[in-house]
Amino acid sequence: MRIEEIRVCGTVQGVGFRPNVYRLANMLGLKGEVFNDGEGVLIRVSGSEEIITEFVNKLYQECPPLARITELIRSQYLGEFDFDNFVISRSINSVVKTEISPDAATCNQCQKDIFDPFSRYFRYPFTNCTHCGPRLSIIRAIPYDRNNTSMVNFSICQECEREYEDVENRRFHAQPVACFVCGPRAWLERADGKPVISDMFSMLDDVDAVCTLLQKGEVVAIKGLGGFHLACDATLENAVIKLRNRKVRYHKPLALMARDINIISEYCYINDLEKELLTSPAAPIVLLNIKDNHKLASDLAPGQNTLGFLLPYTPLHHLILRRMKVPIVLTSGNISNEPQCINNEDAKDKLSKIADYFLLHNRDIVNRVDDSVVRVIDNQIQTLRRARGYAPAPIILPPGFEKIPPLLAMGSELKNTFCLLREGEAILSQHLGDLENASAFNAYQETLNLYLNLFEHKPEIIAIDKHPEYLSSKLGKQLATVNHIKLAEIQHHHAHIAACMAENQISLDTKPILGIAFDGLGYGEDGTLWGGEFLLADYQSFQRLATFKTMPMIGGKQAIYQPWRNTYSQLINAFSWHEIQEKYSDLKIIKFLETKNPKLLNQIIEKGINSPLTSSVGRLFDAVAAAIGICPEQCSYEGQAAIEMEAIADTNILKNNKETLNYSFKLQKSANIYYIDTSPTWREILNDIKQHILSSEIAAKFHKSLAVAIGTIVKRLRQEHQFNQVALTGGVFQNQVLLQEVKMQLEKLEINVLTHSIVPTNDGGLSLGQSVIAAAKYLRETL
């Protein structure tokens, strides 16, 4: 008879792993114990070596749905062992090395419970089990036990305790288990403070009453799993306009929730992978192609050809939508640009002028967690926002990163996440938003402190972006100084490329690859703002091989939201204003620019007044979009013009367009760097506009032309440098049309193309890149 200690690491707490161990051990006649500790799960077991090996194999084969084993170590146990059977022992607090499970959508069994009149969970909006329910959103400390969550406020009743203690029950040790008798409750309030008149809802409860309110055209603030949402009927034009106007969110697309897949399929096309994503435990928002002649409000996603849909992911949502035969809007419950509200009083204070009613509950949200956003491109998942359902599940790092010290990467200014590195894995925070907003920055600091405490993470290195004005960088410097921690400053686009390399499991010792990083802007090594970069890079260093010719951002940050400024910069690089007036004065965009005082603009450019130089491809897209009439005056959110131009691009033109009909780019070399000049492009675009070529055709030709130019540049660079892999990264590559066209061009050259999937290609993935670069530099210095 052999006695073994089996250490199991990974996502193994709060996911039904211990009861599964108990079941398998008893089935095989083994004796011993299993318990949680800071490192994960520890099993001590006695039996024959053959049976123990079978037991270990079954742990992998019959792993619970939400569990994930990353490491299993067997060793002989020589300590005290006195067990007549197999038991689940109490958790032990120790050094934290385990994982926190992401919040998980309501499982099928719990869905059946809430709609079964004979179930004690019938219509209970907080029903859950070990296969589903809140995790990250309610946790305060590890191990994941009830007293370390916001469920500590609810004393468990006898019936729930019986299920909690019953190892054969799927609610065995489900920490948030509760019912109508002992658990959280939900209630409805009017925004104006007047009492809710129950007669208007017949015999319905408060949760079900929300459906009636939505059908009547009301806006309801709903406290959900990781924050508040604002909801209205997506088929009622007036309700959608009312919500947009009150929230001051005039153009940005609104997310939609529908009761089931069948309802979504009435409005959008859904392929198998998209369906799998919608119905997965992560339950993200999935961007889907819109069907023609749908009967939704026209103002849901202006200028878009996709809608973001998600399915109900909590019992609360299932119960609200039970009678709803059409989709609802379900957008973040916040004042524009601020983070989601997470507590009742804050929500009532900030959302009372937006919502007509509030559906509140009394389970505290400890961690704010937004909805994740994904899309499918060429049958591959592209994550646009990584949050609920995915964070904080660790990302396993490539070979070479096993022996690294604890490290913290602070992330970016926009679409911020931070990243903890430890022992070969990266823990990426949920999406935290744009830190320019004071509330978002405060929330960022609170979440950072929570993660550091949860994981007992004491970084020896802090990695920051080189931009001196990023709030995340300033905070990182402050933390490094106060705590005497080594600081690593990382170039923005190198971090983008490294993030793409890391998620594609490119090993630490791989020879440099070519990274193409296109985005809005990032702080460059030469003091300009980069954003159109071809970098030969490994994890430790990079060499800039090619970039776009820099253009002034007239008015600085104003150019991000006023695309005409970028159009003017591009045009004045290609022509003199006199030539523009001579040849193109009849064009709408030129007439528009005439109203902006070109003489003054030229003086601003010549003197460099608040006009930083940038090689940004994001700003180039804005410029072209404005030229063909898309948002020339003003954007209400960053990238709006470029996103709407992608939406109108004629895909038939893309399929049939011959490369000889594309717009031209000029390539020049100076100081061993190639510079891409867009001057000839603009002459041809203006000629097309003059010839009354449709905007959809110009948009398609521009996308294709840029892709062809990228292919040409890569071919040239490969003649001079050794590489056979290219990473496509940065926010511009959220553009599905461009990404597909560039991949096609590079695959013609028989190049292996790396793209993002589990980590956002935008700045939401930047902290992962910062962390692996800092780790690689540390390893180089210590060898």
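This is a predicted model: local features need pLDDT of at least 70, side-chain atom pairs count only at pLDDT 80 or more; totals for chains, interfaces and linings use all residues.
## Reading the model

Helices (H or I, at least four residues) and strands (E, at least two) are DSSP runs, numbered from the N terminus.

Residues are numbered from 1 along each chain as its sequence is written, and side-chain values use heavy atoms, with hydrogens and water left out.

Let us start with an open sheet built from ten strands, in the order 6-13-7-8-12-9-11-10-14-15 and with mixed pairing (two strands pair if DSSP finds at least two bridges between them). Which strands stand at the edges? They are strand 6 (186–190) and strand 15 (380–385); each has a single partner strand, so one side of each is left without a neighbour in the sheet.

Within this sheet, strand 8 (residues 228–233) and strand 12 (residues 328–332) run antiparallel and are joined by five bridges. Asp-233 stands opposite Ile-328 of strand 12.

## Helices against the sheet

Helix 5 (residues 206–215) packs on the sheet, where it touches strand 6, strand 7 (220–223), strand 8, strand 12 and strand 13 (357–361); contact here means heavy atoms within 4.5 Å. The direction of helix 5 makes about 40 degrees with that of strand 6 (axes are lines fitted to C-alpha atoms, for helices over the stretch in contact, and angles run from 0 to 180 degrees between N-to-C directions). Helix 6 (residues 237–247) lies across strand 8 and strand 12, and runs at about 145 degrees to strand 8.

How many of the ten residues of helix 5 are buried? Eight are, so helix 5 is largely enclosed by the rest of the structure. Buried means under 20% relative accessible area, exposed over 50%, and partly exposed in between (1.4 Å probe, protein chains only). Among the buried residues of helix 5 are Val-207, Asp-208 and Cys-211. Their cover includes helix 9 (315–321) as well as strand 6, strand 7, strand 8, strand 12 and strand 13.

Now look at helix 11 (residues 438–454) and helix 12 (residues 471–483), whose axes come within 11 Å and cross at roughly 40 degrees. The two helices are therefore oblique to each other (angles under 35 degrees count as roughly parallel, over 145 as roughly antiparallel, 65 to 115 as roughly perpendicular and the rest as oblique).

Which residues make the contact? Helix 11 brings Phe-441, Tyr-444, Gln-445 and Leu-448, and helix 12 brings Leu-471, Ser-472, Leu-475 and Leu-479. Six residues of this contact are nonpolar, two are polar and none is charged. For this count, Ala, Val, Leu, Ile, Met, Phe, Trp, Tyr, Cys and Pro are nonpolar, Asp, Glu, Lys and Arg are charged, and the others, Gly among them, are polar.

Two of these residues have another partner: Asn-416 touches both Tyr-444 and Ser-472, and its other contacts include His-431 and Leu-435. Asn-416 lies in the loop between strand 17 (407–409) and strand 18 (419–422). Is Asn-416 buried or exposed? Asn-416 is buried, with a relative accessible area of 0%.

## Strand 28 and its partners

Four of the five residues of strand 28 (residues 673–677) are buried, so this strand is mostly covered. Strand 24 (residues 542–548) runs parallel to strand 28 and is joined to it by three bridges, with Thr-547 opposite Tyr-675. Strand 27 (residues 666–670) runs antiparallel to strand 28, and five bridges join the two; here Ser-670 stands opposite Ile-673. In the hairpin of strand 27 and strand 28, two residues lie between the strands, and Ala-671 takes a positive phi near 55 degrees.

## Details in the loops

Phi of Cys-631 is near 50 degrees, a positive value in a residue other than glycine, and Cys-631 counts as buried at 14% relative accessibility. Arg-123, in the loop between helix 3 (108–114) and helix 4 (158–165), has a positive phi near 65 degrees. Arg-123 is buried, with a relative accessible area of 15%.

Where is Pro-392 found? Pro-392 is in the loop between strand 15 and strand 16 (395–396), and a cis peptide bond with omega of about 5 degrees joins Ala-391 to Pro-392.

How values were computed:
Lists of a residue's contacts leave out its neighbours within four places in sequence.
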